[in-house]
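User: Could you walk me through how to read some features of this model?
Analyst: Happy to; let's look at it together.

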Amino acid sequence: MSKLQAPRGTRDLYPKDCAWRNFMLDAWRRVSIRNGFEEVDGPIFEHLDLYKIKSGDGIVSELFHFEDRGGRGLAIRPEFTPTLARMVAAKANALPRPIKWFCVPNLCRAERPQRGRLREFWQWNADLMGLEGATADAECIFTVVDLLQELGLEPSHVRMKISHRQTVRDILLKLGVPEEKLLGAFDLLDRRDKMEPEAFTEAASKLGMEPERVERFEQMCRFKYPCGELDQLREQTGISDLADLEQLDAQLQAFGIADWCEYDLGIVRGLAYYTGTVFEVHEASGALRAMAGGGRYDQLVELFGGPSIPAVGFGMGDVVLSEVLIDKGLMPEDVSPRPDVYLIAKSDAGAQAVTPLAAKLRLAGVHARYSYKATRNVGKLLKDAATARSRFALMLDDDATTGKAELKNMETGDQQMINIKDLQTLIAES
RNA sequence: GUGGCCAUAGCUCAGUUGGUUAGAGCACCUGGUUGUGAUCCAGGGGGUCGGGGGUUCGAGUCCCCUUGGCCACCCCA
């Protein structure tokens with residue numbers, strides 16, 4: 001029996017599930033396109049070595065990989081970024097700049113499934129390449145916020161948490177962390193919430209900070225600074241020059257999304273390749289894992305053999321996003337396509353008209369359904385129409401032979417005798 | 001990969017100290033009430049109790065293994 005089950009961490013998408021998945025993909029596409037991104041896609045498997053470039057050999061155990069008949073190592077894509085970098089690197093000189101691409105791939109990772117994490121999932125990626133500076137960073141952040149709003153989320157539901165590699169680096173140096181221990185300090189920042197306070201203090205001391213500075217470090221990385229109020233950050237860190245963050249701050253305000261954003265120096269993103277702005281979207285209470293994450297990674301394309309191209313981008317997975325929408329009561333009941341009209345036979349003569357009419361309507365682009373039941377029980381047939389969420393029901397009795405039938409608006413309950421030939425127009429007008 | 005909890009119908013569950021052909025509600029399917037999304041009536045499909053092995057005269061129930069789910073760690077591109 002176990003072999004007949006779907007593999008661990010995968011999902012079977014039944015009609016309602018599939019409709020919901022498409023609803024989300026549609027939102028991702030809609031928002032991407034109106035923010036000026038173009039859709040791209042690549043193969044669902046790549047050479048295994050491609051994934052080692054960015055993440056090292058250790059990544060292999062997290063991949064579903066296999067060999068082809070020639071013994072070449074291949075892997076199902078666990079992320080889209082290497083493919084993107086490869087595609088950009090291959091045509092770097094021919095592509096008009098800036099490059100603004102998005103993709104909504106399904107990805108597979110051989111990890112143990114748990115809340116918010118499955119082995120196959122969909123992930124929205126958008127990247128803006130060939131443009132330096134805070135405008136590009138802010139535009140990516142705006143695109144994410146646009147999507148959140150599109151799905152009905154509000155600033156009270158989720159937080160866009162932003163940090164900056166360079167800024168944090170400056171602060172750490174000022175606190176007395178030597179250059180060679182910076183990576184360890186970033187790691188400590190990342191793990192702060194999982195550690196006991198004593199362990200945190202001890203680890204911080206080992207980084208070379210005086211006790212008084214350890215305390216400041218702790219405060220600094222736990223505190224959240226509202227967007228538009230960088231003075232607080234200046235006071236707390238003792239650093240007056242926050243050039244990078246200042247520009248970003250101004251852009252976020254210009255985009256009108258300051259309400260959604262806050263600076264959180266604890267946002268690290270475990271990646272060596274982020275070079276500037278980093279950000280994550282979290283559910284407001286912080287209960288779930290990140291809904292989205294991204295940042296600037298100016299060396300990425302170069303890493304994959306292309307020219308040096310500045311880049312900023314993000315990814316958002318479907319799993320945590322769905323959890324948050326359910327949690328906030330924003331998951332629509334049913335987003336399946338609705339029939340325009342449901343044909344109901346009230347009499348045998350009416351039944352004769354159903355098939356030809358359905359065929360005619362469908363060829364004209366109308367979503368038309370009818371019952372396969374033999375019953376002439378109008379109540380039951382109307383219930384079927386309602387279950388199918390049809391907008392209209394057309395009830396055909398003996399009058400159908402003279403081209404007339406009763407059209408019922410399923411939402412208002414109104415019904416009227418119409419000429420069947422006018423049906424399409426009446427449906428289109430409502 | 002490590003550890004904890006869990007597993008009976010599509011869903012929510014019942015099933016006595018181990019004891020006949022494993023049940024209910026809802027959902028689903030068919031038909032009836034000559035009927036307009038309701039109510040009611042009649043009928044129906046569906047479970048090798050996640051899978052395998054063991055103990056026993058007898059296992060949904062006890063033991064072991066395994067698969068899957070949830071949770072925490074590792075990781076998080």
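User: How many aromatic pairs does a search of the whole structure find?
Analyst: Rings of Phe, Tyr and Trp (its six-membered ring) pair if their centres lie within 6.5 Å; planes under 30 degrees apart count as stacked, over 60 as edge-to-face and the rest as tilted. Here the search finds eleven such pairs. Take Tyr273 and Tyr297: their ring centres are 5.6 Å apart and their planes stand at 90 degrees, so this pair is edge-to-face. The two tyrosines, 24 residues apart, link distant parts of the chain. Tyr273 belongs to the loop between strands S10 (261-263) and S11 (277-283), and Tyr297 to the loop between strand S12 (292-296) and helix H11 (300-303). Helices (H or I, at least four residues) and strands (E, at least two) are DSSP runs, numbered from the N terminus. A separate grouping, of Trp28, Trp124 and Phe314, makes one aromatic cluster.

User: What should I keep in mind about the model itself?
Analyst: It is predicted: local features need pLDDT of at least 70, side-chain atom pairs count only at pLDDT 80 or more, and totals for chains, interfaces and linings use all residues. Residues are numbered from 1 along each chain as its sequence is written, chains are lettered from A and ligands numbered from 1 in the order in which they are written, and side-chain values use heavy atoms, with hydrogens and water left out.

User: Are Tyr273 and Tyr297 buried or exposed?
Analyst: Buried means under 20% relative accessible area, exposed over 50%, partly exposed in between (1.4 Å probe, protein chains only). Both Tyr273 and Tyr297 are buried. Arg389, at 22% relative accessibility, counts as partly exposed. Arg389 also has a phi near 60 degrees, a positive value in a residue other than glycine.

User: Which charged end sits over the ring of Phe37?
Analyst: The rule asks for NZ of Lys or CZ of Arg within 6 Å of the ring centre and within 35 degrees of the ring normal. Lys100 places its charged end over Phe37, 4.7 Å from the ring centre. Likewise, Arg222 lies over the face of Phe200, at 5.4 Å.

User: How do helix H2 and helix H3 pack?
Analyst: Two packed helices are described by the angle between their axes and the distance between the axes. Axes are lines fitted to C-alpha atoms, for helices over the stretch in contact (heavy atoms within 4.5 Å), and angles run from 0 to 180 degrees between N-to-C directions. For H2 (residues 48-55) and H3 (residues 81-90), the angle is about 100 degrees and the axes are 9 Å apart.
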